[in-house]
Every structure is written in structure tokens, then in C-alpha cells.
Amino acid sequence: MGDSKVLTNHQDDDDDMPQLSAEALKALQEFYAETEAQEKKIDENWQLSQFWYDKKTSDTLAKEVFLNAKEKLKTSEKFNVACISCPTLFKALHFYLKEARSWPEINNFKELIEKIDIKLFEYDKRFEMYGEDFYFYDYNNPLEFNSKLEKYFDMVISDPPYLSQDCHIKTGMTVRKITKDDFKLIVCTGAVMEDLLGACLKVRLCSFIPKHERNLANEFKFY
């Protein structure tokens, strides 16, 4: 996880945004209201080892994604992001990119929106509500995904669901298969997995400590 830069707060002018008809605007608002209602119904499923990040953690990760995107898009046309087993981060990214369409700390954020593609790799099919941005993912079958996603992603944020060597190694197989050669990677997992991650994915411990909405017995870290 790279160091984030401190940027000047700035709100882009909305004057150049296309104007929707009253009928189209109403339909859009109804869609967002329905999506929000569905999201509120999705609680953690502990049987699936789901533990939602708190807002500060989700926003910190989102900021890191956007800063990496801004830098990469200086020389590229697209920035593709995969969220593996971390639906709370995907939800935050989806909100800022497709609903709020703003991020106060990044100049000209709206110019980046159409160039950032986010996908969720997730076992829980309740998140199918995100349509084409959702891909069913079972770490037990780490190489079973749409072939068009091979070497597709510039950045991956991974939160393997179980603190086991098998889960982390197989998730790592997915990461290596779907990423470009110069990809960025953030892994959120238990501190007990540090040595394995260092050996398998060559990642290092980050200073930021992730927090979850519920207190967990295990100590979690970012790498």
C-alpha cells in the first residue's frame, strides 16, 4: 500500500454536467433508492466469515485507490480495480464513483470517473445486485473466472475470508492471474498471516490499522 499524498480540498464545478430530463432523473433516483435499500438489508454473515470495515477504513482504502488511479491515468486510458472478498470497500468505491461522483480531496475527480472500472469478486450472491460489476468467486476454485479478466487489473484489494494458509495461497493465485505486470496490491488480513504473505506475494506491513464495525478477536493489518 503506497503512501497517500495530501491534496488541497476542491469541489469541481457542476456546470458542465449533462442535464437529465425530469423522467430520467426520477428513474435514476428510484434506482439508487432501490439499491440503497438492498444494501441496508445485507448484514454480515459470520458463517461466510464476513466482517464489514468501518467507514474510516473504507474511505481510507477508497482514497488510496483514487490516488493510485490519478497517478496511473497520467499515462494510461483506464484504471481497473478488483475487490476480492471485500464488499464493504466495493460499496464505498461504487458510491463515490457512481452515485456521489465526487471526492473532495482530488482535483478534477469527475474526469477520472469514466476511466475507473471496479469489479467485485465475491462468494455471497446477495451482491449480484451490482450487476455486471459482480463476479461470483470461490477461492477454492481460484482460476475459475471470465478469461477476459486475465491480466486486466491495475490494482487489487484482497481480504481473504479465512485465516488459513490454503485460503491465502489460493487467493494469491487469483491475484497473480488477473493482474497486469505493474499492478498495485493491498491485502487486509490477520497479523498471523504476515510471513506467508511476504513469501507468497512479496508484500510488506503498512502503518494504517484497519477497523471493523464489530470488534474482532484477531488482530488485522494491511499489507
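Which residues does Leu-93 touch, not counting residues up to four places away in sequence? I looked this up before anything else. Leu-93 touches Ala-62, Val-65, Phe-66, Val-81, Cys-83 and Ile-118; I took contact to mean heavy atoms within 4.5 Å.

**Ground rules.** I am working on a predicted model, where local features need pLDDT of at least 70, side-chain atom pairs count only at pLDDT 80 or more, and totals for chains, interfaces and linings use all residues. Residues are numbered from 1 along each chain as its sequence is written, and side-chain values use heavy atoms, with hydrogens and water left out.

**Overview.** I found six helices and six strands in the chain. From the N terminus on, they run α-α-β-α-α-β-β-β-α-β-α-β. Helices (H or I, at least four residues) and strands (E, at least two) are DSSP runs, numbered from the N terminus. Of the 223 residues, 44% count as buried; buried means under 20% relative accessible area, exposed over 50%, and partly exposed in between, with a 1.4 Å probe and protein chains only. Among contacts between residues at least 6 apart in sequence, 75% join residues at least 24 apart.

**Cores.** I went back to Leu-93 and looked for the core around it. The largest nonpolar core has 36 residues, and Leu-93 is listed with Phe-66, Ile-116 and Ile-157 as having the most contacts inside it. The elements giving two or more residues to this core include helix H2 (55-72), strand E1 (79-84), helix H3 (87-98) and strand E4 (153-158). A second, separate core has 21 residues, among them Tyr-139, Leu-149, Met-193 and Val-203. For both I used the rule that a nonpolar core is a set of buried Ala, Val, Leu, Ile, Met, Phe, Trp, Tyr and Cys residues joined through side-chain atoms within 4.5 Å.

**Strand E1.** I checked how covered E1 is, and six of its six residues are buried. Phe-79, Val-81 and Cys-83 point one way from the strand, while Asn-80, Ala-82 and Ile-84 point the other way. E1 runs parallel to E2, joined by six bridges, and Phe-79 stands opposite Ile-116 there. E1 also pairs with E4 in the parallel sense, over four bridges, with Cys-83 opposite Ile-157. Strands count as paired if DSSP finds at least two bridges between them.

**Thr-174.** This residue sits in helix H5. I noted Thr-174 as buried because its relative accessibility is 0%. Neighbours within four places in sequence aside, Thr-174 is in contact with Ile-84, Tyr-137, Pro-142 and Phe-145.

**Phe-183.** Next I looked at strand E5, where Phe-183 lies. With neighbours within four places in sequence left aside, Phe-183 is in contact with Phe-153, Asp-154 and Val-175.

**Second largest cavity.** About 40 Å³ of space lies in this cavity. On a 1 Å grid over the protein atoms alone, a cavity is a set of points where a 1.4 Å probe fits but cannot get out, and lining residues have an atom within 4 Å of a point. Grid points are joined across faces, edges and corners, and a volume is the space filled by probe spheres set on the points. I found Ser-158, His-168, Val-175 and Leu-201 among the lining residues. H5 gives the most to this lining, with four residues.

Conventions: 1 Å grid on protein atoms, 1.4 Å probe; cavity = no way out; pocket = protein on both sides within 12 Å on 5 of 7 lines; lining within 4 Å.
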